[in-house]
Amino acid sequence: MSNPSCPNHGEMKWKEGFAKATGKPYAFWTCPTKLPDGSWCPTKGPKGAPGASAPSVPSQAPSVASGEVVELLTRIAVAEATRLLESIDSRLNVIVEILREISLKDNPLN
Ligand SMILES: [Zn+2]
């Protein structure tokens with residue numbers, strides 16, 4: 001793998017480090033040639049570190065699949081919540097029955 005080259009000046013160089021002013025990391029190909037006006041050649045190389053054959057594209061899971069997963073998890077959550085509420089409801093009914101029996105026993109008018 002050879003270095004990328006500037007169409008005007010030839011081989012480019014890989015620069016990386018941290019900006020002294022901001023502390024932000026930088027890493028890029030640059031043409032190490034100064035132009036007659038004193039500025040650096042503005043030609044920029046391809047993205048990617050030396051040895052990288054092509055710009056790396058982050059692999060993403062298909063959005064359809066993740067959407068299906070979310071839907072499935074939502075259904076499971078709803079089913080679990082429904083079951084929990086029914087469980088609580090039946091227990092509350094038992095408690096209500098017990099309280100009713102107690103109040104009937106304690107109330108001589110009934
Ligand atoms: Zn150049």
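A residue counts as buried if 20 or more other C-beta atoms lie within 10 Å of its own. By that test, 3% of the 110 residues of this protein chain are buried. The model is a predicted one. Its secondary structure comes to 1 helix and 4 strands. Along the sequence, the order is β-β-β-β-α.

**Overall layout**
- Take the contacts between residues at least 6 apart in sequence: 28% of them join residues at least 24 apart.
- Helix α1 covers residues 63-106, and a loop lies between β4 and α1.

- Strand β3 spans residues 13-18, and strand β4 spans residues 25-30.
- The two strands pair in the antiparallel sense, over 6 bridges.
- Gly17 stands opposite Tyr26 in β4.
- Phe18 has Pro25 of β4 as its bridge partner.
- Between β3 and β4 there are 6 residues, and the two strands form a hairpin.
- Gly23 sits in the turn and has a positive phi of about 80°.
- Of the 6 residues of β3, the number buried is 0, so this strand lies largely in the open.
- In a regular strand, side chains alternate between the two faces of the sheet.

**Cys31: a buried loop residue**
- Cys31 lies in the loop between β4 and α1.
- Cys31 is buried because 22 other C-beta atoms lie within 10 Å, and the cut-off is 20 or more.
- Leaving aside neighbours within four places in sequence, Cys31 is in contact with Cys6, His9, Met12, Cys41 and Thr43.
- His9 is 22 residues from Cys31 in sequence, yet their C-alpha atoms are 7.4 Å apart in space.

**Lys47: an exposed loop residue**
- Lys47 is also found in the loop between β4 and α1.
- Is Lys47 buried or exposed? Lys47 is exposed, because 12 other C-beta atoms lie within 10 Å, and a residue with 12 or fewer counts as exposed.
- Lys47 and Phe28 are 19 residues apart along the chain, and 6.7 Å separates their C-alpha atoms.

- Cys31 is buried, whereas Lys47 is exposed.
- Cys31 has 22 other C-beta atoms within 10 Å, while Lys47 has 12.

How values were computed. Residues numbered from 1 in each chain as written. Predicted model: local features only at pLDDT ≥ 70, side-chain atom pairs only at ≥ 80, totals over all residues. Contact = placed C-beta atoms within 7 Å. Pairing = 2+ DSSP bridges.
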